[in-house]
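Dear colleague,

I am writing to hand over the structure we discussed, together with an account of what was found in it. Please find the sequence and the coordinates below.

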Amino acid sequence: MDRTRFEALLAAYGADVSRWPESERADAQAFVAAHGGEVSDLREEAREIDDMLAHASVAPNTDALAARILAAAPRRAEVFDRRALLALAACAVFGVVLGYGGGLLAPAPLEDDSYFAMAFEAPGEEG
């Protein structure tokens, strides 16, 4: 374990090595045995923070905390964007106009009545 790793674990878990990850404890104790004088100030500072946290008795105001979290949360976008709805309506109108106009410009079939009669006459009728 190097000093950087020791300091990171000390900041994360505090001065009590028994609260550190089990896989790190032996290395931490060996580091302290070898470099105890170098990190004694850091360990003492961590102990003071541990003591302050252990004696802290301020109960969180959950209503105020919830209000602050909700106020800081990003707002949800509207489900429908009015501009998109208008664009969709404009496309629908354009499609209807284009289809109707295209139908008017198309040449009329020469045998339009015969196709209609073939489609709707009962079988066996000759007309």
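I begin with a single residue, Ala15. Leaving aside its neighbours within four places in sequence, Ala15 touches Leu10, Arg43, Ala46, Arg47 and Asp50. Please bear in mind throughout that this is a predicted model.

**Overall architecture**

The protein chain contains five helices and zero strands, and from the N terminus on its elements follow the order α-α-α-α-α. Of the 127 residues in the protein chain, 12% are buried. Where contacts join residues at least 6 apart in sequence, 53% of them are between residues at least 24 apart.

Helix H2 spans residues 22-55 and has 34 residues, yet its end C-alpha atoms are only 26 Å apart. A straight helix at 1.5 Å a residue would reach 50 Å. Where does H2 bend? The bend is at Gly36 and comes to about 105°.

Helix H4 covers residues 82-105 and has 24 residues. Its first and last C-alpha atoms are 34 Å apart, close to the 34 Å expected at 1.5 Å a residue. How many residues of H4 are buried? The count is zero among its 24 residues, and H4 is hardly covered. In H2, by contrast, the buried residues are Glu24, Ala28, Phe31, Val32, Val39, Arg43, Ala46 and Asp50. These buried residues of H2 pack against helix H1, residues 3-13.

**The nonpolar core**

Ala15, with which I began, also belongs to the largest nonpolar core. This core has eleven residues: Phe6, Leu9, Leu10, Ala15, Val17, Trp20, Ala28, Phe31, Val32, Val39 and Ala46. H1 and H2 are the elements that give two or more residues to this core. The largest share, five residues, comes from H2.

**Aromatic pairs**

The count of aromatic pairs comes to two. One of them joins Phe6 and Trp20; the pair is tilted, with 5.4 Å centre to centre and 55° between the planes. Phe6 lies in helix H1 and Trp20 in the loop between H1 and H2, so this pair ties together parts that are 14 residues apart in sequence. Are Phe6 and Trp20 buried or exposed? Both Phe6 and Trp20 are buried. Ring pairs also bring in Phe31, which forms a cluster with Phe6 and Trp20.

**Salt bridges**

Side chains of opposite charge can pair when their charged atoms come close. The structure holds six salt bridges, and I describe some of them here.

In one of these, the side chains of Glu7 and Arg3 meet at 2.7 Å, N to O. Both residues lie in helix H1, four residues apart, which is about one turn of the helix. An α-helix has 3.6 residues a turn, so residues three or four places apart point the same way. Glu7 has a relative accessibility of 33% and therefore counts as partly exposed. Arg3, at 33% relative accessibility, likewise counts as partly exposed.

Arg3 also meets Glu38 in a salt bridge, at 3.9 Å, N to O. This pair links distant parts of the chain, with Glu38 in helix H2 and Arg3 in helix H1, 35 residues apart. Glu38 counts as partly exposed because its relative accessibility is 49%.

A further salt bridge is formed by Asp50 and Arg19, whose closest N and O atoms are 2.9 Å apart. This pair, too, links distant parts of the chain: Asp50 is in helix H2 and Arg19 is in the loop between H1 and H2, 31 residues apart. Asp50 counts as buried because its relative accessibility is 18%, under the 20% cut-off. Arg19, at 45% relative accessibility, counts as partly exposed. Which residues do salt bridges with shared partners join into one network? They are Arg3, Glu7 and Glu38.

**In brief**

Asp50, one of the buried residues of H2, is in contact with Ala15 and forms a salt bridge with Arg19.

With kind regards

Notes:
Residues numbered from 1 in each chain as written. Predicted model: local features only at pLDDT ≥ 70, side-chain atom pairs only at ≥ 80, totals over all residues. Heavy atoms only, no water. Expected span 1.5 Å × (residues − 1). Bend = angle between axes of the 7 residues up to and from the residue. Buried < 20%, exposed > 50% of the residue type's maximum accessible area, 1.4 Å probe, protein only. Contact = heavy atoms within 4.5 Å. Core = buried A, V, L, I, M, F, W, Y, C linked by side-chain atoms within 4.5 Å. Phe/Tyr/Trp six-rings, centres within 6.5 Å; stacked < 30°, edge-to-face > 60°. Salt bridge = Lys/Arg side-chain N within 4 Å of Asp/Glu carboxyl O.
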